[in-house]
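Hello,

Here is the structure I promised to pass on to you. Have a look at it first, and then read on for what I found in it.

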Amino acid sequence: MSAETPVQSAGTFTRLRLRFRDWRGTRPFWAGLFTLLGGIPIAYFPYATLKLGHMSLAMATTAGSGSLIIGVLLFTLGLTMWFQQATRIFAGVASILLALVSLVVSNIGGFIIGFLLAMIGGALSLSWAPGEADTGESDPRGALRGPGGEDAVQDDAPEDTVAEPGRPHPPYETGGDGETGGVRAEDLDRGHRVG
């Protein structure tokens with residue numbers, strides 16, 4: 001072991017932390033986590049046996065299998081939110097519906113704990129939207145582009161003319177009699193096109 005080992009492990013930890021942060025930022029992470037955590041008490045409490053001194057208290061219900069199914073489905077929906085972001089709307093709606101059903105089937109939704117966690121996870125999944133990818137390139141002419149991305153400034157004017165910034169170059173009136181003398185048609189009638 002050398003003196004460089006702690007520095008290398010700190011770099012590895014930092015690298016892994018940054019990779020996890022990037023992974024977490026591209027998916028509804030908190031929605032999946034709350035949904036996963038909501039499934040645990042819903043599935044656990046009907047099969048738990050609490051010991052209070054010499055007395056054991058069983059929480060089993062007649063719908064214990066329903067509680068187990070709801071808990072496993074919530075756990076699966078939480079994983080789906082993490083690894084299949086395209087199905088986040090379906091997973092969010094399904095987790096909210098399963099949380100509501102757990103109120104009746106599974107000891108008041110895992111004593112309200114699982115119900116609240118699953119509801120919050122479903123709501124977060126429905127409200128999450130993927131962010132736009134940052135290309136790292138900035139468009140210096142972005143302000144001069146139209147809504148469709150096309151250029152607002154046209155470059156088909158004669159080379160010897162100076163255009164106003166941000167305004168298209170209208171053609172010059174070059175009448176046969178030479179009355180306009182190279183003045184733009186808009187300038188002849190205070191900005192309104194003539195002819």
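What is the handedness of the crossing in which α2 passes α6? It is a left-handed crossing. Please keep in mind as you read that this is a predicted model.

Let me stay with that pair for a moment. The axes of α2 and α6 cross at roughly 155° and come within 7 Å. An angle over 145° counts as roughly antiparallel, so that is how α2 and α6 run relative to each other. On the α2 side, the contact is made by W30, A31, F34, T35, L37, G38, P41 and I42. Facing them from α6 are I113, G114, F115, L117, A118, I120, G121, G122, L124 and S125.

The axes of α4 and α6 come within 8 Å, with a crossing angle of roughly 160°. This pair is therefore roughly antiparallel too, and the crossing of α4 and α6 is left-handed. From α4, the residues making the contact include R88, I89, G92, V93, S95 and A99; from α6, they include F115, A118, M119, G122 and S125.

- A118 lies in helix α6 and counts as buried, because its relative accessibility is 0%. Apart from residues up to four places away in sequence, A118 touches F34, G38, L74, S95 and A99. Its C-alpha is 9.3 Å from that of L97, and A118 and L97 are 21 residues apart in sequence.
- S125 is also placed in helix α6. With a relative accessible area of 0%, S125 is buried. Setting aside neighbours within four places in sequence, S125 is in contact with A31, M81, R88 and G92.

A118 leads on to the core. The largest nonpolar core has 12 residues, namely A31, I42, I70, L74, L77, M81, A91, A94, L98, A99, F115 and A118. At least two residues of this core come from each of α2 (29–44), α3 (64–83), α4 (88–105) and α6 (113–127).

Along the sequence they follow the pattern α-α-β-β-α-α-α-α-α. The protein chain has 195 residues, and buried residues make up 25% of them. Of the contacts in the chain with a separation of 6 or more, 56% are between residues 24 or more positions apart.

Finally, here is something from the records. An unreviewed UniProt entry places the feature "transmembrane region" at residues 29–50, 57–83 and 89–118. In the model, residues 29–50 are 73% helix and 9% strand, and the end C-alpha atoms of that span lie 33 Å apart. For residues 89–118 the chain is 93% helix and 0% strand, with the end C-alpha atoms 14 Å apart.

Happy exploring, and do write back with any questions.

Best wishes

Methods: Residues are numbered from 1 along each chain as its sequence is written. This is a predicted model: local features need pLDDT of at least 70, side-chain atom pairs count only at pLDDT 80 or more; totals for chains, interfaces and linings use all residues. Side-chain values use heavy atoms; hydrogens and water are left out. UniProt positions are given in the numbering used here, feature names are shortened, and annotations may be inferred rather than shown by experiment. Helices (H or I, at least four residues) and strands (E, at least two) are DSSP runs, numbered from the N terminus. A nonpolar core is a set of buried Ala, Val, Leu, Ile, Met, Phe, Trp, Tyr and Cys residues joined through side-chain atoms within 4.5 Å. Buried means under 20% relative accessible area, exposed over 50%, partly exposed in between (1.4 Å probe, protein chains only). Axes are lines fitted to C-alpha atoms, for helices over the stretch in contact, and angles run from 0 to 180 degrees between N-to-C directions. Angles under 35 degrees count as roughly parallel, over 145 as roughly antiparallel, 65 to 115 as roughly perpendicular and the rest as oblique. A crossing is left-handed if the near helix is turned anticlockwise from the far one by less than a right angle, and right-handed if clockwise. Contact means heavy atoms within 4.5 Å.
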